[in-house]
Amino acid sequence: MSLVFQVNYNGNLLSADSPVLRADNRSFRYGDGVFETIRHANGKPQFLAHHVARLKSSLEVLHISFPPALEESSLRSMIVELSARNAVERGGRIRLTVFRKEGGYYTPDSNEGCFLLECDPIDESNYNLNPAGLVVDIFPDFKKQVNKLSSIKSNNAQVPVLAALYKKQNELDDCIILNSNFSIAEAINANVFAVKNGVLYTPPIADGCVDGIMRKQVIHVAKQNRISVYEVSLAMNVLLNSDELFLTNVVSGISWISAYKAKRFTNTMSKMLVEKLNESLE
């Protein structure tokens, strides 16, 4: 008999294929909330303290009350329980969605935070570099606005969704999203790093990129290994002038880019950083 996956809704375990959210859910109606994607590796959730800190900061921006059940120790316990029920033993993808309690139209009736925790197995426990490099191009249709909402993982994700459609239509592996100043912001669901002469460059948070957990980890691991990292605005010509380009997110880790237009890239730095990243896992 096949496994019936479960979810945790506000502390209650429910079947994943049963109705969970009401029709007036504010995340559904207005994108009124945020989410965290957490990597399960080596049998446990990774970087959890960083996720909780970012979640608290994001909810403060949105004026949503932080649910006490999502403090690190209790969140870890809920993840461990849900992982076991969903047969996630080593590798997994955990999604935590937090949204304002239903009620009201644009003006909420309450600022109480509600949450939905999901957990699915994935094949790999540790991080592995993608064997075939990604082919990318710039998403031309919309720019990401730079403001206090830019760095959070909002449930309102129209720009990356449209960029993903553009990627699919043009047979690409990913797209680079620019900000309103025509500087590089991020990829569809990842931060962007460029390598030149053994030095790492990545857009600063002030340029509109998501404050990525894996972005932080890569910067930390690089500095531990005496690799210089500069958080600076990156113009579009960086894509043609770099030795390497790679993307980071907490599920995939590091994904190297092999091609942008006629330019081809190596992956020496990417390989080394993946090895060091795996050594840093709990």
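The model is predicted, so local features need pLDDT of at least 70 and side-chain atom pairs count only at pLDDT 80 or more, while totals for chains, interfaces and linings use all residues. Residues are numbered from 1 along each chain as its sequence is written, and side-chain values use heavy atoms, with hydrogens and water left out.

**The largest core**

Select Phe 47, Tyr 127, Leu 200, Val 218, Phe 246 and Leu 273. These have the most contacts inside the largest nonpolar core, which has 25 residues. A nonpolar core here is a set of buried Ala, Val, Leu, Ile, Met, Phe, Trp, Tyr and Cys residues joined through side-chain atoms within 4.5 Å. Buried means under 20% relative accessible area, exposed over 50%, and partly exposed in between (1.4 Å probe, protein chains only). At least two core residues come from each of strand S10 (191–196), helix H5 (213–224), strand S14 (253–260) and helix H7 (268–279). Helices (H or I, at least four residues) and strands (E, at least two) are DSSP runs, numbered from the N terminus. The most is given by H5, with six residues.

Apart from this core lies another, of 21 residues, including Leu 48, Val 52, Val 88 and Ile 152.

**Helix H5**

Show H5 next. Its twelve residues should span 16 Å at 1.5 Å a residue, and the end C-alpha atoms are 17 Å apart, which agrees; the expected span is 1.5 Å times one less than the number of residues.

Now pick Arg 215, which is in H5. Arg 215 counts as buried because its relative accessibility is 3%. Among the residues Arg 215 touches are Asn 191, Phe 193, Glu 231 and Thr 248, not counting residues up to four places away in sequence (contact means heavy atoms within 4.5 Å).

**Aromatic pairs**

Phe 193 and Phe 246 form a stacked pair, 5.1 Å centre to centre with 10° between the planes. Rings of Phe, Tyr and Trp (its six-membered ring) pair if their centres lie within 6.5 Å; planes under 30 degrees apart count as stacked, over 60 as edge-to-face and the rest as tilted. Phe 193 lies in strand S10 and Phe 246 in strand S13 (residues 244–249), so the pair ties together parts 53 residues apart in sequence. Both Phe 193 and Phe 246 are buried.

Finish at Phe 139, Phe 142 and Tyr 166, which form one aromatic cluster. Phe 139 counts as buried at 0% relative accessibility, whereas Phe 142 counts as partly exposed at 43%.
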